[in-house]
Structures are given as C-alpha cells and as structure tokens.
Amino acid sequence: PIASLAKIMTAVLLVENHALTEVVTIPTGALSVNGSTAEFQPGERYTVRALLGALLVESSNDAAYSLALFHSGNVENFVAEMNTRAQTLGLRRTHFANPMGFDSAEQESTPRDLAWLAMYVWKLAPIREFVGKREYVLRDYEGKREVTLHNTNRLLLSHPGSFFGLKTGTTELAGECLISIAHV
C-alpha cells in the first residue's frame, strides 16, 4: 500500500498533458471526498497549477479528484491512464486504484518502483517546484479565496537545505509513507 504517494502519478499525468494555466471547475463530487481536503466548493475555479499545489503540498484529496475528472471525465478512466503511464515508466509492480491514494487491495507499489518514479518526477519542474515547499498559498481563479496550505513532510522543517521533498502519505493499511529526496 502506498497511501498518498499515488498522488505523484496523479501530478505526472496533469503536468505531462495540460498547461498549468488551464482552468479547472471543482465538480460537485468533490464534496464527498474524505480525508485530507482543501475544502473546495463545487463551481469554484482554479488553475491546474493551483490544484497541483494543493495536491502536492497539503495532499488534498479533493484536488486529486477534481484533477482526475478534469483530465479524464471520470475516476475510472483516470486510473486506467495512471496504470498505463506506470507501465511505460517501467514500474512493473505498481498498480493504482484511485488518484487520491485511498486504501485498496489493488493499489500498491514497491520501493524500487517508487524510487524510479521519484527520479523521474524530479526532472519535472512543475512538480519539483511544489514538493519542497513548506507551505503554499492557494488562490482561486477569481481571487475570491485565499488559504495557506501546509506540507506534512516534517523533514522540510527539521532539516532545511538537506531534504527537498517529495511526498508523504498516511492511511490505515499503508501506515506512514514517505518518498524523500535528500542532499547528503
């Protein structure tokens, strides 16, 4: 189980297929997404960049859901694309069941696959920009809402300059998970 580490692949699909300036309207279904959320409201509009910030800094499940629907129309199609992209990246023992990282017997990976994924995403500047941020100021497209989101990666605070991110995740089945990039 990989918990919110799955959001890395969610980010990959968005960065590889969309301009960061594209505007996403939060769907009604975002209200039913549980766990870590940015409390998006249906009809609010955000750029892809803003939602990536919520996804990668505070691990927002409603951002993952909204981005998946924006990209693929529904979660099932998005998950199929996540799995296809995992295979093309050589992640042979990785399988996704949802873009948020919720526990599922079908959502799993290995340390080797996650290390390969980390090396790949480190090359993607839009992702690299967010994963090392201690906090991110999220603003909607119209400028009506502004909220400061905080990173759950405590190593960014305790060892500044040594750790550069990448992603945390916690679920009951997975426990506490971390992919980290460090300067040693």
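Serine 59 sits in the loop that runs between helix H2 (48-57) and H3. The model examined here is predicted. Serine 59 is not a glycine, yet its phi is positive, at about 60°. The relative accessible area of serine 59 is 8%. Buried means under 20%, so serine 59 is buried.

Helix H3 covers residues 61-72, and asparagine 61 is part of it. Asparagine 61 has a relative accessibility of 4% and therefore counts as buried. The side chain of asparagine 61 makes a polar contact with the side chain of lysine 7, at 2.6 Å. Neighbours within four places in sequence were set aside in listing the contacts of asparagine 61. The remaining partners of asparagine 61 include Ser4 and Lys7. Val33, Asn34, Gly35, Ser36 and Thr37 are also among them. Met100 and Phe102 complete the list of contacts for asparagine 61.

Glutamate 39 belongs to another loop, between strand E1 (23-25) and strand E2 (45-47). Glutamate 39 is a residue other than glycine with a positive phi, near 60°. The relative accessible area of glutamate 39 is 58%. Exposed means over 50%, so glutamate 39 is exposed.

Serine 59 has a positive phi and is buried. Glutamate 39 has a positive phi but is exposed.

Technical notes
Residues are numbered from 1 along each chain as its sequence is written. This is a predicted model: local features need pLDDT of at least 70, side-chain atom pairs count only at pLDDT 80 or more; totals for chains, interfaces and linings use all residues. Side-chain values use heavy atoms; hydrogens and water are left out. Helices (H or I, at least four residues) and strands (E, at least two) are DSSP runs, numbered from the N terminus. Buried means under 20% relative accessible area, exposed over 50%, partly exposed in between (1.4 Å probe, protein chains only). A polar contact is a pair of N or O atoms within 3.5 Å; within protein, one must be able to donate a hydrogen and the other to accept it, and residues adjacent in sequence count only if both atoms are side-chain atoms. Contact means heavy atoms within 4.5 Å.
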